[in-house]
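Subject: The structure you wanted to look at

Hi,

Here is the structure, ready for you to open next to the sequence. Have a look first, and then read on for what turned up in it.

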Amino acid sequence: METQSIQIRHQNFVMHPSGILFWKEKSMLLISDVHLGKVSHFRKFGAAVPQAAVRKNFDLLTEALFHFNPQTLCFMGDLFHSSLNKEWRLFEEWVHQVDLQIILVAGNHDIISPIKYEELGIRVVSEIQLEGFLLTHHPEERQGFFNFSGHIHPAVCLRGGGRQSLRLPCFFKSENQLILPAFGAFTGTYVLEPNSRDEVYALTKDAVFQVRFQESKRRRRFSK
């Protein structure tokens, strides 16, 4: 796997091709928009999604823990897609197998009662403020803070010399903000148009790489 390291406010972070961000100094994994339960939701209403896809997110989460060996795992909102379904039981089993602190920064899809998470030892919060960094689900601009967020499922569209184009999920960094890509499968993406001051780190299956752009006249939008 080819990762990408960046430094923000004298802190060191590693971007992983799965969409995970690792904060070295805090030994913390940041993961956004897993949307557990969405595959089962699709299958319930007749979508032709393989049963193996249900376990894919859990396998990827386990691989990430082995790779980084963090002390804390922070889900940046939309951990579950909607209400309880059979994937909650799989989530319970997965939590019991790991040994680390887990925090959920609640997102708009997180409608499951916080009590269910607390029974698993998971702390549910609306945001985290930590040494000048603000961790939220929705992108926010707050004076004095650098914001990590999710929600947008950011992507970038790469265009060739002809009509070729390729759409890839990405980490999208502006002056005081970094929007994480969606971790979960079947989540969809939303293309953001960067300007010359933004930094875009595109994801492939095995690599993270920075994309260079010229100034765009179009503004990026944060509605979804």
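How many helices and strands does the chain have? There are four helices and 16 strands. Please keep in mind as you browse that this is a predicted model.

Let me start with the chain as a whole. It has 224 residues, and 52% of them are buried. If you take the contacts between residues at least 6 apart in sequence, 65% join residues that are at least 24 apart.

Next, the interior. In soluble globular proteins, nonpolar side chains tend to be buried together. The largest nonpolar core here is made of 30 residues, and Phe 75, Leu 79, Phe 91, Trp 94, Ile 102 and Tyr 117 have the most contacts inside it. At least two residues of this core come from each of strand E4 (28-31), helix H2, strand E5 (72-75), helix H3 (86-97) and strand E6 (101-105).

Leaving aside residues up to four places away in sequence, Tyr 117 touches Leu 79, Phe 80, Trp 88, Phe 91, Leu 104, Asp 110, Ile 112, Ile 122 and Val 124.

Helix H3 may also interest you. Its twelve residues reach 18 Å from the first C-alpha to the last, close to the 16 Å expected at 1.5 Å a residue. Which residues of H3 are buried? They are Glu 87, Trp 88, Leu 90, Phe 91, Glu 92, Trp 94 and Val 95.

The largest pocket holds about 540 Å³ of space. Its lining consists of 24 residues, and those closest to the centre are Pro 17, Ser 18, Lys 56, Leu 60 and Phe 183. Helix H2 (residues 53-68) gives the largest share of that lining, with five residues. By type, the lining residues are twelve nonpolar, nine polar and three charged.

One last stop is Arg 212, in the segment after strand E16 (208-211). Is Arg 212 buried or exposed? Arg 212 counts as exposed because its relative accessibility is 69%, and the cut-off for exposed is over 50%. Tyr 201 lies eleven residues from Arg 212 in sequence, with 9.1 Å between their C-alpha atoms.

Happy browsing, and do write back with any questions.

Best wishes

Conventions:
Residues are numbered from 1 along each chain as its sequence is written. This is a predicted model: local features need pLDDT of at least 70, side-chain atom pairs count only at pLDDT 80 or more; totals for chains, interfaces and linings use all residues. Side-chain values use heavy atoms; hydrogens and water are left out. On a 1 Å grid over the protein atoms alone, a cavity is a set of points where a 1.4 Å probe fits but cannot get out, and a pocket is an open set with protein on both sides within 12 Å along at least five of seven lines; lining residues have an atom within 4 Å of a point. Grid points are joined across faces, edges and corners, and a volume is the space filled by probe spheres set on the points. Ala, Val, Leu, Ile, Met, Phe, Trp, Tyr, Cys and Pro count as nonpolar, Asp, Glu, Lys and Arg as charged, and the others, Gly among them, as polar. A nonpolar core is a set of buried Ala, Val, Leu, Ile, Met, Phe, Trp, Tyr and Cys residues joined through side-chain atoms within 4.5 Å. Buried means under 20% relative accessible area, exposed over 50%, partly exposed in between (1.4 Å probe, protein chains only). Contact means heavy atoms within 4.5 Å. The expected span of a helix is 1.5 Å times one less than its number of residues.
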